[in-house]
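Me: I would like to learn how to read a structure, going slowly through one feature after another.

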Amino acid sequence: MATETSAAAESARQAAGFAAVLKPVDGHISIDSVAGVQLEVRDLAEARAFYEPIFWDAAGSWKPSARTLTFESGSQSLELVQKAKPRTFADGGQHTAYRVRATRVSSLAEQLAEAGHSVEWWHEDHPQERELAPYLHDPSGNRVQLVAASSADPLIAHVAIEVHAFDYCEYLYVRELGGEVDYYHGWRVEDQTAAKAWLDGDDPAAPWTRRDNPGWTDFRDQGSKNRSIRVPRPNTQVFLRYGDTRLGMISATKTRQEPPEEQIVGTPRILFRSSMAADQAAARADAEPVPHERHGRSIYFRDADGNFSELRCG
Amino acid sequence: MADIESISHSGMVAPDSRAVHTFYETVLSGVREETVSRSYEGTRGGNAHSCGILGDYVFVTFPRRRDVAPLEQLRGGEDSFRHGFAVSRTRFDEITQRLQEQGVPFEGPLVHPERGPLGESIYFRDPGGNYFEVCWRRDEDVQYNPVRVAEE
């Protein structure tokens, strides 16, 4: 299906400019929550063996098909798609945070470590993520965070993606899809102060939340650089709220190969749920300039940085 | 002699630079142009700063702390350094009303001398303490030196 870029959308883009991107536009698409993620994995059975202990106290069930495997829990789902070369972002800030009953987080982390997974305890910068939490990768390289919670319902606490173009992404995820800016990091003096603590080695901040300025001589001086002359900085982050769930936009830590620009439907992708009728949501999407496609009751988007999302309408 | 033609932009600093930029957008109808925040831009990257436009004037905002007069000193105390924007008489009243609606403290309108160039001014501070004046000019029909951006 061709990308929908109507004349109405173009005139809306020209009329709106990029003003007021911080606020949802009147008549924006109404999203109830992050409904899940669709991730690429190398082997479905291997992935299930990894995720089963994490979802042990989540009410839900596995639904296999030929090349996909879905864990459905309430209104959310983890959908795994088998790919020979999974597109994951193991060294970046993209991750999915799953709720785990607080009383079993430590024992679960130990269990996963004993099974051979490398588990790191880090904190992030959102006010609800300043306590240390375990992070690890699934066997295909998808980053997983375990969030201590009173219950595993809803299953997914938040999803984080990497972005370069914050303005464009805020246009899509805030103005068009109605996310509310919940917290931002990197614009404040105290954010810079926190980054300095990280450079001193006293702060187990998740690696994608901080950065050290690269120098052009790094390739030459690798291993001998005096780190004390570096300038630690917070890595820019914006968190958006959709119902009880959150989407984090993390400044990309490297430039990656994106799928072809004309591709709108792809994986990995964020799943959003809306109680709006698909016709109504599609009409609103048509009035905005962001590329999208409609397939049945789903509307697919792609942001400027190659992140895919799917809006599943009621 | 250096042949300088105009002011290009101002770099504004505030403890929360995004809050300042949001103020420019939501209260003063500014337009955000671009947020420079990318991790791969070397020594300039990663430190989020926003570029925006108020009227025809470009602002870049940075997170910095500096000594400013207490916010209740709307006219800046001893340091009265400020940006002054001229608007039409009609627009001046709209801005005054907007500030009232948004709960932004301001001083004025101050009526200037009748034979002077300025009609009225209001004074206020952004969330970072940066000091602004908005005025209307009695000679608002006069075109001031237009900026020459290139030889014809």
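What follows is a conversation about confidence, a helix and some strands.

Reply: This is a predicted model, in which local features need pLDDT of at least 70, side-chain atom pairs count only at pLDDT 80 or more, and totals for chains, interfaces and linings use all residues. Residues are numbered from 1 along each chain as its sequence is written, while chains are lettered from A and ligands numbered from 1 in the order in which they are written.

Me: What is the mean pLDDT of chain A?

Reply: pLDDT is the predictor's confidence in each residue, from 0 to 100. For chain A the mean is 89, and 89% of its residues reach 70 or more. Over residues 1-20 of chain A, however, the pLDDT is below 50.

Me: How many residues does helix H2 of chain B have?

Reply: Helices (H or I, at least four residues) and strands (E, at least two) are DSSP runs, numbered from the N terminus. An α-helix has 3.6 residues a turn, so residues three or four places apart point the same way. H2(B), residues 89-102, has 14 residues, and B:Gly103, with a positive phi near 70°, follows H2(B).

Me: Which way do strands E6 and E7 of chain B run?

Reply: Two strands pair if DSSP finds at least two bridges between them. E6(B), residues 106-111, and E7(B), residues 118-125, run antiparallel and are joined by four bridges, with B:Phe106 opposite B:Phe124. A hairpin of six residues links E6(B) to E7(B).

Me: How many bridges pair E7(B) with E8(B)?

Reply: Seven bridges pair E7(B) with E8(B), residues 131-137, in the antiparallel sense, and B:Ser121 has B:Cys135 as its bridge partner. Five residues lie between E7(B) and E8(B) in their hairpin, where B:Gly129 in the turn has a positive phi of about 90°.

Definitions and conventions:
Expected span 1.5 Å × (residues − 1). Contact = placed C-beta atoms within 7 Å.
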